[in-house]
Amino acid sequence: MSLTTVATDWILPTVVIIEYLDFFRSNSSQLLRLVLQHINITLITIMIALPMGVALGTFISVYKWAQTPILWLAGIMQTVPSIALFGLLIPVLGIGSPPVIVALVLYSQLPIIRNTFIGLTQVNEAAIEAGRGLGMSQRERLQRVQIPMALPVIMAGVRNAIVIIVGIAAIGAFIGAGGLGDFLFEGIRERYVDMIVVTTVVLSLLALILDYGLGVSERLLRARNGEDINPTQFTRVLQKVIS
Amino acid sequence: MNTIEFEGVTKVYDDGTVAIEDVSYSVESGTTTVLVGPSGCGKTTTMKLVNRLEDPSEGTVYYEGDDVQELDRIELRRDVGYVIQEIGLFDHMTVAENVATVPELKDWGRERINDRLNELLELMDMPPAEYRDQYPRELSGGQRQRVGIARALAGEPDVMLMDEPFGALDPITRENLQDEFLELQQQIDTTILFVTHSIDEALKMGDKIAIYDVGKVVQYDTPQEILENPTNEFVEDFVGADRGLKRLQVTQVETIMTKPAEASDTGALAADGNGNVARVLSPTDSTQVALSRMIQFDVTRLPVVDGGTVVGEVTKDTVYDIAQTGA
């Protein structure tokens, strides 16, 4: 093994990783602030997007005529580039987080509406029939039977939406919404690669953790609905804690 | 009193299929009426007209004297118990929550619901302490249908509609549930409409049987009458070639037993010193059981014992007579 290969194979990557760790350490309080901002944007978005998407999904499960136009509109939304959408919203809402949150709510509608609709319409037919026969009105059937039973499928849609939101929220920094995107844009401007890499890793970890957390709750809901699941270690521990 | 009355009822679906045509009969309160026939004959449709899961195209369905079309369908359904083959338990709710469905819809108080729950689970032979908080997935098929029946009974309905309730169960569980349900029926005094495609189940469960051929009721009678005087070839075929034996099944020993001439006539009982009670009959045994035991023990007469005393005797000849009448 020559000295040069040792340098390229081992020393260089080690040096690079040490640089990243250095950056992470010296900027950790900044990063934490940005992560919290990012989570804040994500949470506000999901708090608006979830009831809205579930309501729309429920609406189209009852009024079938609205199904095609609403799913079509939600689908179209996803094809509009985020920068373009921000540009369109700025004249109305100004800059900062409001236009970003509105855009994120619109982006996250398709998975939530679609999964709500699928969950509600593909719920155990016999349970719906029994509910009807026992004298539940349509509203009572939705409340007591269909929505609770559709929860795991809705949760899968929310997971999908969260990953989209976390990713696109980063671009929101471009119009002053804050969040981890701040460091990304700064890194690009300053050609500061360490900053870009570390922020990207943090951003991905954030998305993965949120996705995993919701995945666990989805499995818990499935288990509660009587489905056979193949629980992960963590889910098993949680199930024990709950029961 | 007739609880349910069908008067010239026709149901045509939107796609033009005629489900039932000009069906008329009435169901006496407190009895079990079984609707039986091949699949697609309209028996389930008839049943669904009662709780307005379907509405008639022509004719009138009366519930306790009122045209059901005049009644609020939600209220009506809460007053009528409903059990289906697929059971349709709410998998995300516990046994207690499932059973409490209708009382909760009816806004009973918590205490009343609780009492009713315990009463029903006891009745279903599912001790509340053990089963209340279990989820449907933890139960066997038979237990699930017990919960289904308890859920239907919970709102103290005057009428129970049961659509092939035991159809999806294995034969042993089915028979057990049938027997339990027959006992239960004595206690609850509810009018029952029971749909099945099995003539054996119909003969076993029904006080009256309505036999359906494609969309029409071809005979509405007691099981005995259907076995003795089938109105046409369809009924004869449907009942099967062994209707003599089936007649034994629906005839109880007490209807044909004779008073024993003297106590000494109970030789069969005395001869069995091992406490083997199978060598005697109880008044509610079917004559089929009587014949089976006569063959098994190779005797021509068996004593009928009720509560430890001999109340009568059945002979092979009288049993044969039952199987032969009307043949």
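A word on what you are looking at. This is a predicted model, where local features need pLDDT of at least 70, side-chain atom pairs count only at pLDDT 80 or more, and totals for chains, interfaces and linings use all residues. Residues are numbered from 1 along each chain as its sequence is written, while chains are lettered from A and ligands numbered from 1 in the order in which they are written.

Back to our glutamate. Where does B:Glu254 lie? You will find B:Glu254 in the loop between α12 (243-250) and α13 (267-271) of chain B. Helices here are DSSP runs of H or I with at least four residues, strands are runs of E with at least two, and both are numbered from the N terminus. Apart from neighbours within four places in sequence, B:Glu254 is in contact with B:Pro283 and B:Thr284. Contact means that the C-beta atoms of two residues, placed from the backbone, lie within 7 Å. B:Asp22, by comparison, is 232 residues away from B:Glu254 in sequence and 39 Å away in space, C-alpha to C-alpha.

Now the whole of chain B. It has 15 helices and 12 strands, and is divided into domain 1 (2-240) and domain 2 (250-324); those bounds come from an automatic or database domain assignment. The C-alpha centres of the two domains lie 35 Å apart. Buried residues make up 39% of chain B.

Let's look at some strands. Strand β1 (residues 2-12) of chain B runs antiparallel to strand β4 (residues 58-63) of chain B, and 5 bridges join them. We say two strands pair if DSSP finds at least two bridges between them. Which residue of β4(B) is the bridge partner of B:Glu5? That is B:Tyr62. On to strand β5 (residues 66-67) of chain B, which pairs with β4(B) in the antiparallel sense over 2 bridges. Here B:Tyr63 stands opposite B:Asp66. The two strands form a hairpin with 2 residues between them, and B:Glu64 in the turn has a positive phi of about 45°.

Chain A is built from 10 helices and 0 strands. Its radius of gyration is 22 Å, well over the 18 Å that the globule rule gives for 243 residues, so chain A is more spread out than a compact globule. Along its principal axes, the C-alpha trace of chain A spans about 80 × 50 × 30 Å. Buried residues account for 37% of chain A.

Finally, how do the chains meet? The contact takes 18 residues from chain A and 19 residues from chain B. On chain B's side, α2 (73-79), β6 (80-84) and α4 (101-105) each supply at least two residues. That side divides into 10 nonpolar, 4 polar and 5 charged residues. Here Ala, Val, Leu, Ile, Met, Phe, Trp, Tyr, Cys and Pro count as nonpolar, Asp, Glu, Lys and Arg as charged, and the others, Gly among them, as polar.

Note on methods. Rg over C-alpha atoms; globule rule 2.2 N^0.38 Å. Buried ≥ 20, exposed ≤ 12 C-beta atoms within 10 Å, placed from the backbone.
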